[in-house]
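Student: I would like to go through the labels used for this model and check what each one rests on. Can we take them one at a time?

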Amino acid sequence: HGASGTFPEGFLWGTAFAANQVEGGFDQGGKGLSQADVIPFRKTGDYVDITSLMKATDAQIAEAIATPGAAGYPKRSASDFYNRWEGDVELFAELGMKALRMSIAWSRIFPNGDDAAPNEEGLLFYERLFTRLRERGIEPVVTMSHYEMPLHLVTEYGGWSNRAVVGFFETYAKTILTRYRGLVRYWLTFNEINTTLIEPYTGGGIIEREPQDGVDPRQAGYQALHHQFVASALATKAAREIAPDAQVGCMLARMAHYPATSAPADIVRAQWDNNMNLFHTDVQVRGRYSGTVRRFWRDTGIHVAMEPGDEALLAANTVDFISFSYYMSLVSSVSPELYGATGGNLFSTIKNPHLQTTEWGWHLDPEGLRYVLNDLWDRYQVPLFIVENGLGATDVLEGTGADRAVHDEYRIDYFRQHLQQVREAIEDGVDLLGYTSWGGLDIVSASTSQMTKRYGVIYVDLDDEGAGSGDRIRKDSFHWYRELIASNGATL
Ligand code: BG6
């Protein structure tokens, strides 16, 4: 670690995005339909304090399959990275990025998910991209599954609640590990694996269906999650065999819960909420389910079917590092009705009176990031990687032609405040591999499908309906981040 408070040498500075939110080109290059391609744009007023809009019902899916083109389905066209990637990579190089966290669209590689052979055009797209990134000194950090899967696996198999999907994923993982051996050193298996329980459609690939009488609706979520844990362990095992120099990480939406008061009951409640968030990393890092979650299953009558060998597989194939997203902290109380609520993309939480919120109602808590880093490091003692952090905001494009600019001081403040806390955590002794801010380019929001909920340091001239030039414009935060990276954090 740098003695003068600088970041470690080789720190992986960069930006992050997901295929379904940036690529577009949903019907190009032999790609099949994915879950994300059937999420319609639903305008719900000011979008403040919403819960997820990522669900699509059976009826909406049927309608979406019958609808050609991208109109009404923002993730089908997104930021058009599929067609503009070469120019975008030059911008990333200009930014001085050391890493790009991105994902592969499974449906580009296996259009239906259960195809006998992969789609060569899809494989070639990412091969060219990884090769160019490496030429520009940018390390790809690649998520195998980020909030999407081939739609066919959902409609025909019922998604992740069906054990058969584990096998399809293993084939997909082996295919990309083999093809990109030598090009990709950092792999993440499932994005925010814990959201499978919060949003079974997105993470779990389970269409909203009425649970059978007497069956806890969470049953399918836990079953899907177990299948993802097994699939993740199989992918990790395959990586060890196919690409032994690769590092495999899990990925958690870290939702740190603070007690609302110092009442012991609130403290225990917050601890329970934290343990229910961290049981995912317990499985993927320690190799076993925790007592907390096993007790929860007993108390609620949830039964997770496991095959013989599953537990041994989980124990033998733990990950090398923990990657996580951090946007906000949450508040726990045994009496939540005493407090007001505020938003998140998949849930709402008790409002913390000590914190401001974003336009979308998300708590702003830079110090929480230091807390989370120390907490994860103390608990697991494996390297950490912040692969998402950022501010969704409405930006204003000013000027014309070559003078167009976005003066986003608020985003610079956000990054500065969070990264100062990251620096503190590194000084505290936390082993941190890197930091990739969310977006990079403006992309379509996961929860609201808005382009105008912007996270990037590079503005994309498109609106919520997909209209606009698509031009890329460097925001003020781009210049700020470029200097910061060039100084390895010294200008913070
Ligand atoms: C994370 C997801 O939960 O939050 C991203 O991994 C998502 O895919 C990000 O984009 C921000 O959420 P949203 O809904 O504002 O796009």
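Student: Which residues does asparagine 194 touch, not counting residues up to four places away in sequence?

Tutor: The model is predicted, and in it asparagine 194 touches Leu252, Ala253, Asn277 and His280. Asparagine 194 itself sits in the loop between β4 and α9.

Student: What makes asparagine 194 count as buried?

Tutor: The label needs 20 or more other C-beta atoms within 10 Å. Asparagine 194 has 23 such neighbours, so it counts as buried. As for glutamine 21, it is 173 residues apart from asparagine 194 in sequence, and their C-alpha atoms are 19 Å apart in space.

Student: Glutamate 192 is found in the loop between β4 and α9. Why is it called buried?

Tutor: There are 26 C-beta neighbours inside 10 Å of glutamate 192, and the cut-off is 20, so the label applies. Its phi is near 40°, a positive value in a residue other than glycine.

Student: Where is serine 449 found, and is it buried or exposed?

Tutor: Serine 449 belongs to the loop between β12 and β13 (458-460). With 23 other C-beta atoms within 10 Å against a cut-off of 20, serine 449 is buried. It is not a glycine, yet its phi is positive, about 60°.

Student: Why is tyrosine 157 called partly exposed?

Tutor: Tyrosine 157 has 19 other C-beta atoms within 10 Å. Buried needs 20 or more and exposed needs 12 or fewer, so a residue in between is partly exposed. Tyrosine 157 lies in helix α7 (residues 151-157) and touches Asn162, Ala164 and Val165, leaving out residues up to four places away in sequence.

Student: How do you know that the span of α16 is close to the one expected?

Tutor: Helix α16 (residues 409-427) has 19 residues and reaches 27 Å from its first C-alpha to its last, against 27 Å expected at 1.5 Å a residue. Just after α16, glycine 429 takes a positive phi of about 110°.

Student: What covers the buried residues of α16?

Tutor: The cover includes α15 (366-380), β11, β12 (432-438) and α17 (476-486). Among the buried residues of α16 are Ile412, Tyr414, Phe415, Leu419 and Val422.

Student: Why are α16 and α17 called roughly parallel to each other?

Tutor: Their axes come within 8 Å and cross at roughly 30°. Angles under 35 degrees count as roughly parallel, so the two helices fall in that class. The contact is made by Glu409, Arg411, Ile412 and Phe415 of α16 and by Asp476, Ser477, Trp480 and Tyr481 of α17.

Student: Is the crossing left-handed or right-handed?

Tutor: α16 passes α17 in a right-handed crossing.

Definitions and conventions. Residues numbered from 1 in each chain as written. Predicted model: local features only at pLDDT ≥ 70, side-chain atom pairs only at ≥ 80, totals over all residues. Helix = DSSP H or I, 4+ residues; strand = E, 2+ residues; numbered from the N terminus. Expected span 1.5 Å × (residues − 1). Contact = placed C-beta atoms within 7 Å. Axes fitted to C-alpha atoms, helices over the stretch in contact; angles between N-to-C directions. Parallel < 35°, antiparallel > 145°, perpendicular 65-115°, else oblique. Left-handed = near helix turned anticlockwise from the far one by under 90°.
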